[in-house]
Structures are given as C-alpha cells and as structure tokens.
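Please read them with the structure open.

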Amino acid sequence: ERWLREALTVAERMALCNTVPIAQAQLGRAVAQRGNPEEALRLEGQAVGAFDRQGNLRLAGMARAYLAQAHLALGQLEAAESAARRAVEILENALPMQRSALAVLALVHVAQGRPAEALEAATRANAGLGGEQHLPVGECLVRRSLAEALLAQGRQEEAVASARVARARLEVLSAGIVDAERRRQYLVDSPDRRRILELAAG
C-alpha cells in the first residue's frame, strides 16, 4: 500500500495522466482489502472517471469491478450491482477480466439474498475453469464466488468441495514462499483467500 501511495503522489506531481488512474485503481483495491472501503470508493470513482475519459474500456471495466466491491463492503447493494453489471458489459470481449466482474456480481447477489442469480453469475465466472488452471486476474475472487453462491443455495457439500479446490490452488500459489510467517501472511492478507480457507474448513 505504501509504495502505491508514493507512486500516486509522484504521478500526480508529474501530471502523468495515464499513470494516475492506474495508481488510483490499484491503491483503491489495496485499501479496500485493508478494511477501508470509504477511501476505496473515492479512489475507484476517480479512476473510473479518468478511464472513461481516456476511452480505456478494459481498465474502466476493472475499476468498476473494484468500485462494486467497495460499494458491497459498505452495504450499498444497489450501487454495487449497478457497477458490477456495467463492468460485466464493458469487459464482454476480455474474458479473463470479465470473470472477476461476474464474480463480484455473484457476491452482490449473495448479499441481496438472490441465490439463483448469484449461482448463475458465479457459474459464468468459473466456466471452463479447471482445478489446476491459473487465472491472470482475480483467481481467488472467481473461485470464492462459486463456493459462496453454492452455499447461498443451501448446497453446503458442493460449496465445501468447491472451496477445497480453491484452497488447493492457494497451496500451489503459496508454495514458493519459503518463510512460514510470510506464507501465513499471504494466506490471510486477502479477504478472498481468508474466506476460501474458512469455507474449505467446512
């Protein structure tokens, strides 16, 4: 988070119009994971506006997915759904990124008490995703969404099984971290990773 703040400060000072919204979007994501959705909302809103003005559809879509997560964390479910749906639309031709937007939409529907729609979105997000397949963007979020949607449907055994597949991927992703404390920190730093571990425990 610190280096992202420093990068944003430098980019703003130098008036780097392309770099500023990227730093804002990434910092917004980081502060949201640290439990500060209010600041994330501000940063992602600024990033979305800048990307829209630049015509950068892919980054505008991802920033909207992050914006939706901030709204969700604040309990602003209507705004979260709107941002997530727009992200899904914008990222129609960028499937790896669209998976993340669909996953966020699924989690919004879970929070709204709409389990059928949650499962539909999560299933689309995870379509064709094998147990050992790597995603370049949002893999933990995408895999978590399916477990959460299944749980919301009352399909607990399937939810646990799905979470255990995601946990196995976490073990692969963290295998290269030799230091035990750093590895533990990696697993608990992210809300998505923490939740996967909780769900996998049954």
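**Notes on the model**

1. The structure holds 0 aromatic pairs; rings of Phe, Tyr and Trp (its six-membered ring) pair if their centres lie within 6.5 Å. This is a predicted model, in which local features need pLDDT of at least 70, side-chain atom pairs count only at pLDDT 80 or more, and totals for chains, interfaces and linings use all residues. Residues are numbered from 1 along each chain as its sequence is written, and side-chain values use heavy atoms, with hydrogens and water left out.

2. Helix α10 (residues 180-189) packs with helix α11 (residues 191-200) at an angle of about 95 degrees, and their axes are 5 Å apart. The two helices are therefore roughly perpendicular to each other (65 to 115 degrees). On the α10 side, the contact (heavy atoms within 4.5 Å) is made by Tyr-186, Leu-187, Val-188 and Asp-189. Pro-191, Arg-193, Arg-194 and Leu-197 make it on the α11 side.

3. The charged end of Arg-193 sits over the ring of Tyr-186, 4.0 Å from the ring centre. The criterion is that NZ of Lys or CZ of Arg is within 6 Å of the ring centre and within 35 degrees of the ring normal.

4. Gln-185 is placed in helix α10. Gln-185 is partly exposed, with a relative accessible area of 31% (buried means under 20%, exposed over 50%, partly exposed in between, with a 1.4 Å probe and protein chains only). Gln-185 and Glu-148 are 37 residues apart along the chain, and their C-alpha atoms are separated by 23 Å.

5. Asn-36 lies in the loop between α2 (19-33) and α3 (37-54). Asn-36 is partly exposed, at 27% relative accessible area.

Conventions
Axes fitted to C-alpha atoms, helices over the stretch in contact; angles between N-to-C directions. Helix = DSSP H or I, 4+ residues; strand = E, 2+ residues; numbered from the N terminus. Parallel < 35°, antiparallel > 145°, perpendicular 65-115°, else oblique. Phe/Tyr/Trp six-rings, centres within 6.5 Å; stacked < 30°, edge-to-face > 60°.
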